[in-house]
Amino acid sequence: MKNLYLLLYILVAGCQSNVPKELKSGSWRLTLDLGNDKELPVLTEVTEESHIILINDKERIMVDDVIMKDDSITFQPPIFEGIFKGVFVDETTIKGDFIKPSLDRVVPFTMQYGDQQRFQVGTKEPTTNITGKWETVFSPDNDEDRYIALGIFNQHGQHVTGTFRTTTGDYRYLDGVIEGDQLKLSTFDGAHAFLFEATVTDSTLTGVFYSGNHWQEPFTARLNNSYELPDAKELTFLKEGYDQLDFNFKDSNGDTISLSDPQYKNKVVLVQLLGSWCPNCMEETQFYVDYLKTNPETDIQIIGLAFEYARTEEKAFESIERMKKQLEIPYPVLLAQYGNVDKKVAQEKLPMLNHLLSYPTTIYIDKKGKVRRIHTGFNGKATGDSHLKFKDDFYLYLNSLSAE
């Protein structure tokens with residue numbers, strides 16, 4: 001009888017060990033370990049259904065691909081390939097790695113239950129208010145990596161929100177604090193993990209930008225409320241001797257599509273250069289999808305040309321199909337390149353362009369097949385007024401092309 005009780009105990013204990021840990025609903029603080037004592041914090045909220053919501057200022061990203069088994073948990077943000085693999089240390093702590101397979105990148109992470117502060121701050125009051133526009137230069141002392149940007153910030157007490165616009169897009173919804181003269185901002189959108197730290201005066205910022213644990217660069221900025229970036233419509237253009245775009249790429253069904261196909265004859269066409277790994281591209285894509293949904297009578301055609309990190313054609317198409325399904329994209333997305341997304345290599349696929357500066361880039365083609373405009377980058381919702389101006393201009397310009 002004693003041996004029977006022992007056997008029953010072992011069986012019960014074994015069954016209990018296979019019961020998944022409960023992912024407690026409520027606030028969790030997720031931190032990515034960038035190395036060298038740098039942590040990138042993101043607030044999250046876990047729902048009663050064990051869905052995880054990533055929070056960046058006004059942005060909310062729902063993660064419903066959550067799997068728990070025994071003491072392990074995996075969850076994958078929508079669209080992108082990056083995946084979290086962790087283990088419950090206890091009911092309130094999860095530790096593991098954020099993995100991006102195609103890039104061989106691994107970033108350790110911790111999730112802590114009940115913590116509602118993005119950055120841990122004391123009571124030291126800010127020495128200044130940085131609300132306004134900031135003329136910014138990244139990698140100012142390196143001619144090869146140097147590029148310009150426009151910082152746009154709003155500060156209320158210690159709390160700061162905003163973004164950096166560049167000539168190729170924006171750095172998403174940044175959220176953070178100022179304590180004394182120290183500024184900290186972060187965001188994580190499922191693909192890019194950005195941390196900005198800077199020392200502040202009433203008219204300057206001097207700091208470092210960290211992109212995950214694989215890249216960092218210095219930046220400087222000065223307060224300049226009249227500063228504007230170059231016109232996004234004048235950065236990329238057709239080389240002399242060209243007035244049309246030409247390509248032949250395949251979709252996931254193996255069908256080759258080109259602008260000479262009958263469905264594009266006498267139609268205004270937008271050709272979108274994008275990658276399924278690119279958050280700005282995804283926001284632009286959502287903008288186009290919403291445009292088509294709210295304007296079902298439009299005759300505008302859109303074609304996506306995808307440039308993918310995935311090492312094989314099969315994996316690249318898997319990423320494209322995942323993107324199409326989650327964003328409900330009704331237009332074809334063709335595979336233009338896989339294995340790398342180097343812009344110089346990508347430009348070789350479209351040799352009529354002077355260069356390719358950004359994913360995304362959109363090429364506007366009129367009913368006669370002539371390229372009329374090339375727009376570099378995308379001003380997302382985090383850019384505020386810049387996004388609204390882009391939206392108004394987009395509608396006006398498409399209406400003018402359609403009326404020709």
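Which residue forms a salt bridge with K133? In this predicted model, select K133 together with E228, and you will find that the two form a salt bridge whose closest N and O atoms are 2.6 Å apart. The pair links distant parts of the chain, since K133 sits in strand β10 (residues 132-138) while E228 belongs to the loop between β18 (215-223) and β19 (249-250), 95 residues apart. With a surface displayed, note that K133 is partly exposed, at 23% relative accessibility, and that E228, with a relative accessible area of 46%, also counts as partly exposed.

Next, select K38 and E197, a salt bridge in which the closest N and O atoms are 2.7 Å apart. K38 lies in strand β2 (residues 38-46) and E197 in strand β16 (residues 193-200), so this pair ties together parts that are 159 residues apart in sequence. Here K38 counts as partly exposed at 23% relative accessibility, whereas E197 counts as buried because its 18% relative accessibility falls under the 20% cut-off.

Then move to K267 and D299, whose salt bridge has its closest N and O atoms 3.7 Å apart. Both residues are in loops, K267 between β20 (256-257) and β21 (269-274) and D299 between α2 (279-294) and β22 (301-308), so the pair ties together parts that are 32 residues apart in sequence. D299 is partly exposed, at 45% relative accessibility.

Finally, select E59, R172, D189 and E283 as one group, for these residues are linked in a network of salt bridges. To continue beyond these stops, bear in mind that a search of the whole structure finds 15 salt bridges.

Conventions
Residues numbered from 1 in each chain as written. Predicted model: local features only at pLDDT ≥ 70, side-chain atom pairs only at ≥ 80, totals over all residues. Heavy atoms only, no water. Salt bridge = Lys/Arg side-chain N within 4 Å of Asp/Glu carboxyl O. Helix = DSSP H or I, 4+ residues; strand = E, 2+ residues; numbered from the N terminus. Buried < 20%, exposed > 50% of the residue type's maximum accessible area, 1.4 Å probe, protein only.
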